[in-house]
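Good morning, colleagues. Please look at the sequence and the structure on the screen, and I shall then go through both chains in turn.

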Amino acid sequence: MVAATTTPARRFLQTWVPLLAIFLLIVAEHVPLGRDWLTNMDIGFVFVPMLFLARYSEGFFAPIAILLLGVLKDVTSDTPIGFWSFLFCVFFILVLGQRQLLYNAAYNTVWATFGFLCFLIYTVFYVLAVLSLSVVPSFAATMLGALLTVLAFPLFNLAFDWLSQDDDPLGAY
Amino acid sequence: MAGFGPRKGEKRLLTGTGIAFICALLALLLLFVLPKNDPLIVDLRQKSFDVLMPVFRMVAWPFDQMRAAGKNMNELMDLRQQNADLLAENQSLRENIETLTRDSALLSQYRQLLSMPIETEAKVIGARVVADLRSPFVKTLVVNRGQEDGVAIGQAVMGGRGLVGRVISVGSRSSRVLLATDLNSHIPVVTLSGNVRAILSGRNESQPVLTFLPRKADLQNADTIITSGDGGEMPIGLPVGKLALDEHGKPFVQLHDDLDQLVHVRLVLSEAVPDVATPVRGR
């Protein structure tokens, strides 16, 4: 087996840059921009850095950090504590399950996988909202949120792509 | 690439995926076990807004600058027209002042004749909207005024032209405002010309509706809606919006303020209005 060539500094960035991005996106979501039509759906830009984090992180820190960021999202979004935390953790687990497929995959494959996982997680979002909240969101608006998230992938992915360039494809697997 | 699971020859009780599963279960447990409106949770949310307020400001700064620049450009382009409009408005307001001064004097005399208590003076403070928490589930805002400024739960929140909501939780430096359009918002109101009492109820849509109307209520389209002061939390007579009827004849209210454009709001720091039956001291 060939040892991984990822340097500790790069590994540090691979963990902390996505986490910081998720934190900032959670906060930025609440900047008053005066757009009522956007408030009727949840666009999950945070899932892009989360995909990156789940692809490259190792150890126990990342899933715990994802749980805590989910709690932060719950607190700032006025949703019951556990709602977004659960969705974040499920998305993280789903990406972990696809690590072998995503590793060194072509850009379009990564995008398509992200799209599939996004629609899956937004379906879970809808079901969970029906089960646990007094307000049922519109299914069409939920799926539109998923679509916009998927369409935003290339833009956000640009920021993270350079972080993944130094890895050895044969790593520890 | 480093693996998420144990390396060769390494024994681990739990893998990263296992931890992620435990985290997901913990989140699910929190979701279904924690009471949704527990005062501790509400307090935690409010305290987190107090802490996060500088971050909200920092993230909002570039957006604020862009919006200000756009607004400046628009204002510069419309300067001449705005000046003409303001002159006309000024003339109209000057004419209204005379009528209002006379009405105010008459009202004061009538109040004395009827021995009615004078409404408590409402102190109004301005606040800035620092976070917009509107989502498919809730319609709330966070403003940068809290207990230190005299804000308390239940106080009315006004936009530039009318009521937009009320305070639902207060931190030391920030407060959360439940907008009139939120599903949980219920505000006692009255129609100005018909004197019909009702409850202004949000439904998570762009406009709130009137509920608990009397059976044969005389509702007139475009009638002005003001707060009735019932319950004592809000002062009487705060402007809310205009009554409108939808295609099925159901009444809803077009709020005076556009909730999308709220950058600054006014908090009405009034105390509870004394009961009319209570004699007023010193009169």
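This is a predicted model: local features need pLDDT of at least 70, side-chain atom pairs count only at pLDDT 80 or more; totals for chains, interfaces and linings use all residues.

Chain A contains 8 helices and 0 strands; helices (H or I, at least four residues) and strands (E, at least two) are DSSP runs, numbered from the N terminus. Read from the N terminus, the elements of this chain are α-α-α-α-α-α-α-α.

Residues are numbered from 1 along each chain as its sequence is written, chains are lettered from A and ligands numbered from 1 in the order in which they are written, and side-chain values use heavy atoms, with hydrogens and water left out.

Of the 173 residues in chain A, 57% are buried, meaning under 20% relative accessible area, with exposed being over 50% and partly exposed in between (1.4 Å probe, protein chains only). Chain A exposes about 6900 Å², and 73% of that comes from carbon and sulfur atoms; such areas come from the Shrake-Rupley method with a 1.4 Å probe, and for residues only the protein chains shown count as cover. Considering contacts (heavy atoms within 4.5 Å) between residues at least 6 apart in sequence, 76% of those in chain A join residues at least 24 apart.

Let us turn to the helix packing. How do the axes of α2(A) and α6(A) cross? Helix α2, residues 47–56, and helix α6, residues 107–132, both of chain A, have axes that come within 11 Å and cross at roughly 115 degrees. Axes here are lines fitted to C-alpha atoms, for helices over the stretch in contact, and angles run from 0 to 180 degrees between N-to-C directions. The two helices are therefore roughly perpendicular to each other; angles under 35 degrees count as roughly parallel, over 145 as roughly antiparallel, 65 to 115 as roughly perpendicular and the rest as oblique. On the α2(A) side the contact is made by A:Phe47, A:Val48, A:Leu51 and A:Arg55, and on the α6(A) side by A:Val110, A:Phe114, A:Ile121 and A:Tyr122.

Helix α6(A) also meets helix α8, residues 153–161 of chain A, where the axes come within 12 Å and cross at roughly 120 degrees. α6(A) and α8(A) are therefore oblique to each other. A:Tyr107, A:Val110, A:Trp111 and A:Phe114 of α6(A) make this contact with A:Phe153, A:Pro154 and A:Asn157 of α8(A).

I now move to chain B, which has 3 helices and 12 strands. Buried residues account for 39% of its 283 residues. Its accessible surface is about 16600 Å², with 58% belonging to carbon and sulfur atoms.

Is B:Leu200 buried or exposed? B:Leu200, in strand β7 (residues 197–201), is buried, with a relative accessible area of 0%. Its C-alpha atom is separated by 6.4 Å from that of B:Thr211, 11 residues apart along the chain. Leaving aside neighbours within four places in sequence, the contacts of B:Leu200 include B:Ala180, B:Ile187, B:Val209 and B:Val253.

The second example, B:Ser228, sits in the loop between β9 (224–227) and β10 (239–245) of chain B. B:Ser228 counts as buried, at 6% relative accessibility. Not counting residues up to four places away in sequence, B:Ser228 touches B:Pro188, B:Val189, B:Val190, B:Arg197 and B:Ile236.
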